[in-house]
Amino acid sequence: MQIAGGQLCARARFWVSLRVDGELSELEGALLDAHLGRCAQCAEFAAGATVSTAWLREAPPEHSAPITITVPKAAPRRAAAGVVAAAVVLASALVAGFVHGTGTSSRTSALRPTVSVVSSVETPDELRRLRRTSLLNQRPVPREYSIEPA
């Protein structure tokens with residue numbers, strides 16, 4: 001929205017708003033009165049702002065009907081209990097498998113792959129990096145390397 005008169009009129013209309021709210025200083029009020037004496041458009045704006053503000057302040061407040069919000073009933077907790085029970089059964093089966101696997105002979109444990117649980121891994125890249133490190137650490141390092149002078 002372009003205000004006719006440029007910056008002086010824009011500042012005067014801002015001051016009109018401050019005067020209507022009772023927040024205009026004496027100096028700004030004197031400058032505003034001087035501008036309103038010279039500018040018919042700003043004087044018309046000031047008169048309209050004063051009348052409309054008085055009309056709004058005198059009007060009785062409107063009361064709206066209360067808003068009713070319906071909240072759906074909570075879902076039965078049986079489904080959540082079933083999920084928890086399934087998790088407990090799965091965890092106990094895993095623990096039993098680990099405990100059972102430790103009592104086997106060394107010949108059969110050599111055939112089984114080593115399973116490790118890593119809880120601090122957040123991305124697949126971190127898991128790959130950890131897996132690679134564990135595989136590299138499992139290889140025996142040859143001790144017969146010798147450094148020959150060139």
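Which side chain meets that of Asp33 in a salt bridge? The answer is Arg19, with 2.9 Å from N to O. By salt bridge I mean a side-chain nitrogen of Lys or Arg within 4 Å of a carboxyl oxygen of Asp or Glu.

Before going on, a word on the model. This is a predicted model, in which local features need pLDDT of at least 70 and side-chain atom pairs count only at pLDDT 80 or more, while totals for chains, interfaces and linings use all residues. Residues are numbered from 1 along each chain as its sequence is written, and side-chain values use heavy atoms, with hydrogens and water left out.

Now the overall layout. The protein has six helices and zero strands, and along the sequence the pattern reads α-α-α-α-α-α. Helices (H or I, at least four residues) and strands (E, at least two) are DSSP runs, numbered from the N terminus. Of the 150 residues, 11% count as buried. Buried is under 20% relative accessible area, exposed is over 50%, and partly exposed is in between, with a 1.4 Å probe and protein chains only. The accessible surface comes to about 13,600 Å², and carbon and sulfur atoms account for 62% of that. Those areas come from the Shrake-Rupley method with a 1.4 Å probe; for residues, only the protein chains shown count as cover. On contacts, meaning heavy atoms within 4.5 Å: among those between residues at least 6 apart in sequence, 39% join residues at least 24 apart.

Back to the salt bridges. There are two in the structure. In the Asp33 and Arg19 pair, Asp33 sits in helix 2 (residues 26–38) and Arg19 in helix 1 (residues 7–20), so the bridge ties together parts that are 14 residues apart in sequence. Both partners are partly exposed: Asp33 has a relative accessible area of 44%, and Arg19 has 35%.

The other pair is Asp21 and Arg57, at 3.1 Å from N to O. Asp21 is in the loop between helix 1 and helix 2, and Arg57 is in helix 3 (residues 40–58), so this pair ties together parts 36 residues apart in sequence. Asp21 is partly exposed at 44% relative accessibility, whereas Arg57, at 56%, is exposed.

Next, the interior. In soluble globular proteins, nonpolar side chains tend to be buried together. Here the largest nonpolar core has 13 residues, and those with the most contacts inside it are Trp15, Val16, Leu24, Leu32, Leu36 and Cys42. Helix 1, helix 2 and helix 3 are the elements giving two or more residues to this core, and helix 1 provides the largest share, six residues. A core here is a set of buried Ala, Val, Leu, Ile, Met, Phe, Trp, Tyr and Cys residues joined through side-chain atoms within 4.5 Å.

Take Leu36 from that list. Neighbours within four places in sequence aside, Leu36 is in contact with Arg19, Cys42, Ala43 and Ala46. His35 counts as buried, at 9% relative accessibility.

Thr53, in helix 3, is also buried, at 17%. A polar atom of the Thr53 side chain lies 2.7 Å from the backbone oxygen of Ala49.

Last, the surface. Ile67, Ile69 and Val71 make a nonpolar patch of about 410 Å². Ile67 belongs to the loop between helix 3 and helix 4 (78–101) and is exposed, with a relative accessible area of 76%. Patches are made of residues with over 30% relative accessible area and no salt bridge, with like charges joined within 9 Å and nonpolar side chains (Val, Leu, Ile, Met, Phe, Trp, Tyr) within 5 Å.

Terms used: Polar contact = N/O pair within 3.5 Å; in protein donor to acceptor, adjacent residues only side chain to side chain.
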